[in-house]
Structures are given as structure tokens and as C-alpha cells.
Amino acid sequence: MSSAAIESLLADFKSLKTDLFHKDFLLTWEHPLDEIKAILTLAEALKTLHRDGISYRAFESGLAISIFRDNSTRTRFSFAAAASALGFTLSELDEEKSQIAHGETVRETANMISFMAEVIGIRDDMYLGAGNAYMREVGEALTEGTQQGVLHRRPSIVNLQCDVDHPTQALADLAWLKKHFGGLDNLKGKKIAMTWAYSPSYGKPLSVPQGIIGLMTRFGMDVSLAHPEGYGLIPEVVDIARKNAAETGGKFEVVNSMEDAFKGAHIVYPKSWAPYQVMQRRTELLKVSDKDGLKALEKECLANNAKFKSWECDRAKMNLTHDKSALYMHCLPADITDVSCKEGEVSAEVFEQYRIPTYNEASYKPFVISALMFLTRLRDPAAKLEQVVRRAKSLSL
């Protein structure tokens, strides 16, 4: 075991205050900075233990329930891995196989799946104005069930991506930046370009760029949000980013040029998303199952996207970055030109150069989710982590 490293992480973790026991984690900006730092520190500690082949199992029973209302690879398997590592049994709610189709309400479903549940992870990012609201509706049902004695304990909800934020992704991204640059303090003043990029699809959620600008501005970074005219994000989240930057001494700007955002950047994050106004229109059409309207909207949006095919992360743009060697990031899967599509977000050359770093970026997600489970289900997480470390040390003697 890396004794010195784990002891240092344990000491750092014990110095941070958290108040997440039996609570939900839905948006990063709803939680104080100490809690964000604690999540990152704990995630690094758990990652170190796992790398050294040491179990950090903390529970003997309980369900970890996942509800995926959209497709997923990394987050789905990260949630499953986290549940297994901590000792929970994973159970996925397949809504098509449940009684939801027969009129079962959200309030009823939430209680029926939760009799022995400890954590519920939810991904609901399809409808603007609906995903985060659904998570809160589930939470209200769980609170009522617990208060009325139906549930012995209220499960905690972890947001696995909604229409507003993708907290486990943003936290994993931040954990990777912390590792890459040698600490959170070293991020202050670093420029990150969160830019729109061309994609041959139109309905990608806003939650990743919103998660990035909402979290990175809390660490004194120089955050440049770039997108073509008309491709803006939810205005309230942009306001949060501006407020964060002002409070931390960082910078936040919105530009309409990918090149301007890339100039001098230490990190670039080119990622496609659908315009806020488009997602609003799409939600209204989805609500009434207007298939013809959705087809017309898709055709209109793809035609508009095609005007901005030059918004690709290529070698010429990477050469504009700090020392021509900014760290490329992506939540994956990326739309790679001439690989996964004819024209996309990133050139094959640039993506291949940074392919392994993006895999390392993704590798933090199961440990971030483990940390959230750990913090929301243990009254004294520091004592439990210390117990895990001491047990590991005794076994290695």
C-alpha cells in the first residue's frame, strides 16, 4: 500500500467539513467548497486503495438503485462499480418492465423501490425543465415515505446527469485536473476553454458545459465559454458562473469564436450541445409526442449546425493554446472526424494524441460516485475511511 500517500489523503479528508449524511447531491453549486474538496479527496483516496488492491467495502447490505432514462456507458458502469465496491447490491429500474406504464405514480414508484434502498442514482437529461425537477419529485416522495414510517431510512439521490448539471462528470473532470496540474491551488489562473463543437446530431444536452462552467469558476480559473450566436446555455447557470468567478478572483467570459477561446488556454473542452432555445422547443414537442414537429426541428437544427463545421478541435486551433499543448478533455464519446463520423467535434489526430488522457479523465467517475455514496450514507465518513486504512495497514504487515 502507498502508505504515505494514503495517510496524507486521510489527514486532508479529516480536515474538511461535510454535511451530506442522508442528503441528496443534485447540483454542485448547491454545496459548499469544503464538501466539493472532500469529495475529490475521498475519491482520490478510494482510487489509491483500489489501485493497491485494497477493498474499501463499507456496507454489508442495501440496494443501490439506478434509473437511466437515457443511454449511458461510463456513468452506468461507474455507478455499478461504485455500488459493488462499497458492498451494495445494484438494481436497475427498467421503466418498461415496471408498472409505470400502467399508471403507477412517481410518488408510488419512489417508495416501492426504496424499502431497503440506500442510494438512488438518476439520469434524466432528455427534457429541458424536467430532469432535475423529476429528481426533486422523487426526493419529496422519499421524504414523505420516511416521515410516515413507510421507509426505515430515506435513500440519498445522486444526480447521474440531468438537464441542468452533470455533477459526477464535472467532479471527475475536476479530479483529473487536480491530478494533472498537481493540486487544486494550481488551477487558479489556468484558462479552460469550454467550447461548442460541431456534431452531426442536434439534441445533445446542455448539462456538461453547464456543469463545467458552474464548477471550474469556483476554483479561480479563467473560464472561456465559446459558442456560435444562438447556441447559449440556460441563462441562470451562466449567471452562477459569473458570480462564482467574481467571488474567487477568476475570470468568466462568453465569446463567439472557438479560436478566441483557445488562445492561451491550458485546457480545452470542445463539446457539442443543442441551443437552449432549441431544447425548450424540443421539450414542448416531446410533451405532446409531436413526431412530425420533432422531425422538422431536427432538420432545421442540423442545417443550422452545418453552418459551423469549422468549429472543430484540430491541430491549428491546438497550436493557439498555451505552449501549443493544452490538455484536451471530453466527457466521451467524442464525435471524431473520419472515425465515428464524417465531420465532428475533434480531428482524429488530436483525439488520438489525447485518447489515453481522456480515458484517465473518465477513470475518476466510479471513485467520485463511490465518494458520494460514502458521504451520503455514513454518519462519520472520516472514521470509516480511517478504519479502512488501518485495516489495510494491518493486513499488509
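Tutor: Welcome! Residues are numbered from 1 along each chain as its sequence is written, and side-chain values use heavy atoms, without hydrogens and water. As this is a predicted model, local features need pLDDT of at least 70 and side-chain atom pairs count only at pLDDT 80 or more, while totals for chains, interfaces and linings use all residues.

Student: Why is the contact of Arg69 and Glu95 called a salt bridge?

Tutor: The term asks for a side-chain nitrogen of Lys or Arg within 4 Å of a carboxyl oxygen of Asp or Glu. Arg69 and Glu95 have an N to O distance of 3.0 Å, so the pair meets the rule. By that rule the model has 23 salt bridges.

Student: What makes Glu284 and Lys287 a salt bridge?

Tutor: Their closest N and O atoms are 3.5 Å apart, and the limit is 4 Å, so they qualify. Both belong to helix H10 (residues 276–287), three residues apart, or about one helical turn.

Student: Why is Lys287 called exposed, but Glu284 partly exposed?

Tutor: Buried means under 20% relative accessible area, exposed over 50%, and partly exposed in between (1.4 Å probe, protein chains only). Lys287 has 56%, so it counts as exposed. Glu284 has 48%, so it is partly exposed.

Student: And how do you know which class Arg69 and Glu95 belong to?

Tutor: Arg69 has 32%, and is therefore partly exposed. Glu95, with 23%, is partly exposed too.

Terms used: Helices (H or I, at least four residues) and strands (E, at least two) are DSSP runs, numbered from the N terminus.
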